[in-house]
Amino acid sequence: MYARRRHWYFAMMGTCIGLFVLAWAVVRLWSVPAAVAMCLVAMVIPPVAAIMANRRGPDDRWWDDPSGDAKSDEWWDELDGKRRPRSQDQERDQ
């Protein structure tokens, strides 16, 4: 999953750089408005690339990572339905 997102990111950023270079090295000789339009399109690509690269897929369960606080992790597990809540008898035994 991560490798696919990384490939998309680098492809989009390569396209962005290519548009900038092509716009001001070649296209501006024939049409400055077309070069400016290419640059405007290229300006939109980096934020979109960053959003897509940091997007989580349905299989990425980053919210399940333990926080390190046992009480908090137990509470979240209970809310998520992973474990049954402790009964009062079990709490008294501890």
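Which helices each supply at least two residues of the nonpolar patch? I began with this question and found that helix H1 (2-25) and helix H2 (32-54) each do so, where helices (H or I, at least four residues) are DSSP runs numbered from the N terminus.

**Ground rules.** I noted that this is a predicted model, in which local features need pLDDT of at least 70 and side-chain atom pairs count only at pLDDT 80 or more, while totals for chains, interfaces and linings use all residues. Residues are numbered from 1 along each chain as its sequence is written, and side-chain values use heavy atoms, with hydrogens and water left out.

**Surface patch.** I listed the members of the nonpolar patch as Ile17, Phe20, Val21, Trp24, Val32, Val36, Leu40, Met43, Val44 and Val48, which together make about 880 Å² of surface. Such a patch takes residues with over 30% relative accessible area and no salt bridge, and nonpolar side chains (Val, Leu, Ile, Met, Phe, Trp, Tyr) are joined within 5 Å; a salt bridge is a side-chain nitrogen of Lys or Arg within 4 Å of a carboxyl oxygen of Asp or Glu. Areas were computed by the Shrake-Rupley method with a 1.4 Å probe. H2 gives the largest share of the patch, 6 residues. I looked up Val36, which is found in helix H2, and it counts as partly exposed at 37% relative accessibility (buried is under 20%, exposed over 50%, partly exposed in between).

**Core.** I then turned to the largest nonpolar core, whose 12 residues are Met12, Met13, Cys16, Leu19, Ala23, Val27, Ala35, Met38, Cys39, Ala42, Ile45 and Ala49. The term covers buried Ala, Val, Leu, Ile, Met, Phe, Trp, Tyr and Cys residues joined through side-chain atoms within 4.5 Å. H1 and H2 are the elements that give two or more residues to this core, and H2 gives the most, with 6 residues.

**Cysteines.** Why did I find 0 disulfides? The sulfur of Cys16 lies 9.0 Å from the closest cysteine sulfur, in Cys39, which is too far for a bond, since a disulfide needs two cysteine sulfur atoms within 2.5 Å. Cys16 is buried at 4% relative accessible area, and Cys39 is buried at 9%.

**Aromatic rings.** I found 1 aromatic pair in the structure. Tyr9 and Phe10 form this pair, which is edge-to-face, with 5.5 Å centre to centre and 70° between the planes (ring centres lie within 6.5 Å; planes under 30 degrees apart are stacked, over 60 edge-to-face, the rest tilted). Tyr9 is partly exposed at 28% relative accessibility, whereas Phe10 is exposed at 56%.

Definitions and conventions: Rings of Phe, Tyr and Trp (its six-membered ring) pair if their centres lie within 6.5 Å; planes under 30 degrees apart count as stacked, over 60 as edge-to-face and the rest as tilted. Buried means under 20% relative accessible area, exposed over 50%, partly exposed in between (1.4 Å probe, protein chains only). Patches are made of residues with over 30% relative accessible area and no salt bridge: like charges are joined within 9 Å, nonpolar side chains (Val, Leu, Ile, Met, Phe, Trp, Tyr) within 5 Å.
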